[in-house]
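Here's a quick briefing to read with the model open in your viewer.

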Number of protein chains: 2
Amino acid sequence: LKIGILIFDQVTQLDATGPFEALARIPGAQMFLVAARRVPVTAEFGLKIVPDVDYRTCPKLDLLLVPGGIGVNALLLDRATLAFIRLKAAQAKYVTSVCTGSLLLGAAGLLEGKRAACHWLSLPLLKAFGARPSKRRIERDGRIWTAGGITAGIDFGLWVAGQIAGPRVAKEIQLVLQYDPQPPFRAGSPKGAGRAITESVTAARFAMQAQRALLVEEAARRLK
Amino acid sequence: LKIGILIFDQVTQLDATGPFEALARIPGAQMFLVAARRVPVTAEFGLKIVPDVDYRTCPKLDLLLVPGGIGVNALLLDRATLAFIRLKAAQAKYVTSVCTGSLLLGAAGLLEGKRAACHWLSLPLLKAFGARPSKRRIERDGRIWTAGGITAGIDFGLWVAGQIAGPRVAKEIQLVLQYDPQPPFRAGSPKGAGRAITESVTAARFAMQAQRALLVEEAARRLK
């Protein structure tokens with residue numbers, strides 16, 4: 001079971017490391033962190049991860065996982081990355097994403113007519129790729145499996161483990177991860193957080209989101 | 001606000017990367033991943049993280065976080081690591097751990113008489129260090145703040161953000177992380193998972209836990 005997780009500069013590292021922790025524990029799983037080049041990738045906030053393989057040396061994958069983050073913007077029009085995603089997706093049994101990684105699946109032309117999840121802040125952008133935005137934390141449309149924002153990747157990793165290896169294995173992994181969440185606040189969704197906090201978070205990301213919207217538009221145009 | 005997270009070979013990477021994602025978003029936070037030497041650390045299941053500083057070049061920290069994992073065993077009797085933890089703990093405002101990282105706080109002599117959390121499987125071992133094992137997901141005893149197993153580090157990171165920067169900031173971080181968990185099963189605690197799954201997980205780790213118990217005993221002896 002070859003599982004490849006794409007990493008890139010300015011990735012949200014928890015989009016990748018959260019599901020990694022669950023998926024790596026599936027019996028028989030072989031994990032590959034893949035980057036454009038085999039040099040350390042610097043995630044948002046500076047955490048550096050060393051890729052195992054690059055786009056050329058990455059083996060054929062059973063499962064591709066594309067995480068999100070600010071770095072998605074730089075990749076929306078990156079031909080090498082989109083070609084890599086398209087190639088691995090064509091060969092894989094499961095094509096998956098966490099957070100705004102679904103925008104890259106969209107830019108690679110993989111979401112036309114498909115239901116897909118995304119980080120709440122970028123969810124509406126999926127429409128440009130012909131996708132049907134889903135507010136669910138875990139969304140499944142055929143072999144396209146997508147998760148919501150950042151920490152949804154942990155729920156997702158356990159769910160994927162259940163799909164691939166059965167609920168017994170997934171429950172064992174959940175127990176090892178002691179995943180019995182007790183969030184200190186109820187602010188994990190716009191509804192739970194309330195209007196003031198949601199507006200504040202949205203305003204702080206206005207410029208980044210405006211740039212993202214333009215890039216998504218251009219990426220969608222290139223698909224036509 | 002200087003935050004240092006210890007990393008080492010065979011660390012459970014999510015013990016470190018989970019809280020990292022929350023803590024790094026506290027306004028003014030400067031993150032330092034610290035290892036014995038400035039070469040990439042290989043976590044359990046092969047994920048490689050590049051440390052920012054080593055024990056000698058790590059600055060004085062406001063918050064020290066010690067994660068856990070199989071690699072804890074090799075460090076329980078490691079004088080350089082225990083001396084590093086002791087030094088940084090003496091200077092820090094907050095001394096914290098996730099998962100079996102609390103065993104290293106214990107081996108460094110920091111838990112005598114203190115309530116402390118740990119991964120459920122290793123929780124009883126804390127007694128050897130004079131600590132009072134706590135089943136809570138987040139435990140606070142003075143400036144010693146400890147979390148339960150692996151994913152407890154995410155609850156913990158948000159809680160710490162609230163303690164340091166106030167609930168408003170912590171809620172904004174929780175919304176960005178979209179931390180509205182929906183575990184696919186209810187197997188995140190021994191009680192929830194039930195006896196069969198708990199016994200299976202425990203049996204698979206018997207040798208590792210037996211070795212750990214011996215090392216903890218010797219580490220505790222050295223403190224006397």
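**The sheet in chain B, and what surrounds it**

Strand β7(B) runs parallel to strand β11 (residues 144-147) of chain B, and 3 bridges join the two. Keep in mind that this is a predicted model. In that pairing, V95(B) sits opposite I144(B) of β11(B).

**More on the sheet**

- Strands of a sheet pair through backbone hydrogen bonds, and they can do so parallel or antiparallel.
- Chain B has an open sheet of 7 strands with mixed pairing, and the order reads β5-β2-β1-β6-β7-β11-β10.
- Its edges are β5 (53-54) and β10 of chain B, each of which pairs on one side only.

**Helix α3 of chain B**

- Helix α3 (residues 79-91) of chain B is 13 residues long and spans 18 Å from its first C-alpha to its last, close to the 18 Å you'd expect at 1.5 Å a residue.
- The buried residues in α3(B) are T81(B), L82(B), F84(B), I85(B), K88(B) and A89(B).
- Looking down the axis of α3(B), you'll find its buried residues within an arc of 155°, so they line one face of the helix.
- On the face of α3(B) turned away from the buried side are the exposed residues R79(B) and A90(B).
- What covers the buried residues of α3(B)? The cover includes strands β1 (2-6), β2 (30-35), β6 (63-66) and β7 (94-97), along with helices α2 (72-75) and α4 (101-107), all in chain B.

**Salt bridges**

- Side chains of opposite charge can pair when their charged atoms come close.
- Over all chains, the count comes to 23 salt bridges.
- One of them joins D141(A) and R115(A), at 3.9 Å from N to O. D141(A) lies in strand β10 (residues 138-141) of chain A and R115(A) in strand β8 (residues 115-116) of chain A, so this pair ties together parts that are 26 residues apart in sequence.
- D141(A) counts as buried at 13% relative accessibility, while R115(A) is partly exposed at 31%.
- In chain B, E139(B) forms a salt bridge with R136(B), with the closest N and O atoms 3.9 Å apart. Here E139(B) is buried at 2% relative accessibility, whereas R136(B) is exposed at 55%.
- R137(B) has a salt bridge with D155(B), and their closest N and O atoms are 2.4 Å apart. That pair links distant parts of the chain, 18 residues apart: R137(B) is in the loop between β9 (132-133) and β10 (138-141) of chain B, and D155(B) is in helix α5 (residues 152-165) of chain B.
- Are R137(B) and D155(B) buried or exposed? Both R137(B) and D155(B) are buried.
- Salt bridges with shared partners also join R115(B), R132(B), R136(B), E139(B) and D141(B) into one network.

**How the two copies relate**

- Two copies of a chain are related by a rotation about an axis and a shift along it.
- Here, a rotation of 180° with 0.0 Å of shift along its axis puts chain A onto chain B, with an RMSD of 0.0 Å. That's the relation of a two-fold axis.
- Which C-alpha of chain A is nearest the axis? It belongs to I49(A), and lies 2.3 Å from the axis.
- Both copies use the same surface, as 100% of the contact residues of chain A recur in chain B.

How values were computed:
Residues numbered from 1 in each chain as written. Chains lettered and ligands numbered in written order. Predicted model: local features only at pLDDT ≥ 70, side-chain atom pairs only at ≥ 80, totals over all residues. Heavy atoms only, no water. Salt bridge = Lys/Arg side-chain N within 4 Å of Asp/Glu carboxyl O. Helix = DSSP H or I, 4+ residues; strand = E, 2+ residues; numbered from the N terminus. Buried < 20%, exposed > 50% of the residue type's maximum accessible area, 1.4 Å probe, protein only. Expected span 1.5 Å × (residues − 1). Arc of directions from axis to C-beta. Contact = heavy atoms within 4.5 Å. Least-squares fit on C-alpha atoms with pLDDT ≥ 70 in both. Pairing = 2+ DSSP bridges.
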